[in-house]
Amino acid sequence: MLSDAETRLAARDDLAITVLAKNRAVGRKVAVAESCTGGMVSAALTDIAGSSDVFSAGFVTYSGHAKQSQLDVSSEILETFGEVSLATAWAMAAGALENSDADVAVAITGIAGPGGGSEKKPVGQVVFARALRGQDPDDYFSQRVQFESTDRAAIRHHATLFALDLLQPEKDGLRPSEDIALPAP
């Protein structure tokens, strides 16, 4: 019987292998800009041997300053909308593309808890953005997800899986979407 941690690792690895294979098949590179996942998406991809032909860059930008200095997120965006916002995730994804040779980039920013939440931005709220090189920036995918959990490990795990899934080539047609709620058992 696998432990919860082993089950999570197996699910993460399976998805990372799929993401790498599908992007390799279409000849493109990926980049990730992470905040609340703290490098977990990058680790999932780079834990797989041979990932260097697909994985271009990973930016762990936990602080606002890091988002500004590494991803060129403007202070105006951070001051107006906050670090956990559609605008910030969008700017992080755009910055990951601009600062790498990737063809597709995914950004993640959120509140993993157990503290730090508010009425407007509760624990479990994670915002994702996905940018494709050459795509009209107005068409970048962005989505706010409310993971229905207060378990930090569960929120970060499910955010990692969600972000990995967004890197798949079949997600190229995604456009900005509505907020959703998902379980994070």
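Predicted model: local features only at pLDDT ≥ 70, side-chain atom pairs only at ≥ 80, totals over all residues.
Some ground rules come before the structure. Residues are numbered from 1 along each chain as its sequence is written.

Helices (H or I, at least four residues) and strands (E, at least two) are DSSP runs, numbered from the N terminus. Two strands pair if DSSP finds at least two bridges between them. Six strands form an open sheet here, in the order 2-1-3-4-5-6, with mixed pairing. At the edges are strand 2 (55–60) and strand 6 (180–183), and each pairs on one side only. On average, neighbouring strands are turned by 20° against each other, direction ignored. For angles in this talk, axes are lines fitted to C-alpha atoms, for helices over the stretch in contact, and the angles run from 0 to 180 degrees between N-to-C directions.

Now the pairings. Strand 3 and strand 4 run antiparallel and are joined by seven bridges; in strand 4, phenylalanine 128 stands opposite isoleucine 108. Strand 4 and strand 5 are also paired in the antiparallel sense, over six bridges, and arginine 130 has phenylalanine 141 in strand 5 as its bridge partner. Strand 5 (residues 141–148) and strand 6 run parallel, with four bridges. Glutamine 146 stands opposite alanine 181 in strand 6. Helix 5 (residues 86–98) packs on the sheet, where it touches strand 1 (30–34), strand 2, strand 3 (104–110), strand 4 and strand 5. The direction of helix 5 makes about 35° with that of strand 4.

Next, strand 4 in more detail. Buried means under 20% relative accessible area, exposed means over 50%, and partly exposed is in between (1.4 Å probe, protein chains only). Eight of the eight residues in strand 4 are buried. Gln125, Val127, Ala129 and Ala131 point one way, and Val126, Phe128, Arg130 and Leu132 point the other way. Glutamine 125 belongs to strand 4 (residues 125–132). Why does glutamine 125 count as buried? Its relative accessible area is 7%. A contact means heavy atoms within 4.5 Å. Not counting residues up to four places away in sequence, glutamine 125 touches Val84, Thr109, Gly110, Ile111, Lys120, Arg144, Val145 and Gln146.

In strand 1, take valine 32. Valine 32 is buried because its relative accessibility is 0%. Leaving aside neighbours within four places in sequence, the contacts of valine 32 include Leu45, Phe59, Ile108 and Leu167. Valine 32 and alanine 105 are 73 residues apart in sequence and 5.4 Å apart in space, C-alpha to C-alpha.

That leads to the core. A nonpolar core is a set of buried Ala, Val, Leu, Ile, Met, Phe, Trp, Tyr and Cys residues joined through side-chain atoms within 4.5 Å. The largest one has 58 residues, and those with the most contacts inside it are Leu45, Ile108, Val126, Phe128, Phe147 and Leu167. Helix 6 (residues 152–166) gives the most to this core, with eight residues. In soluble globular proteins, nonpolar side chains tend to be buried together.

Helix 6 also meets helix 1. The axes of helix 1 (residues 4–25) and helix 6 come within 9 Å and cross at roughly 15°. The two helices are therefore roughly parallel to each other; angles under 35 degrees count as roughly parallel, over 145 as roughly antiparallel, 65 to 115 as roughly perpendicular and the rest as oblique. Their crossing is left-handed, which means that the near helix is turned anticlockwise from the far one by less than a right angle. Among the residues that meet are Leu15 and Val19 in helix 1, and Leu161 and Leu164 in helix 6.

Alanine 5 is in helix 1. Is alanine 5 buried or exposed? Alanine 5 is exposed, because its relative accessibility is 55%.

Last, two points about the backbone. Most residues other than glycine have a negative phi, and most peptide bonds are trans. Aspartate 72, in the loop between helix 3 (64–71) and helix 4 (75–81), has a positive phi, near 65°. The peptide bond from glycine 113 to proline 114 is cis, with omega near 10°. Proline 114 lies in the loop between strand 3 and strand 4.

How values were computed. Heavy atoms only, no water.
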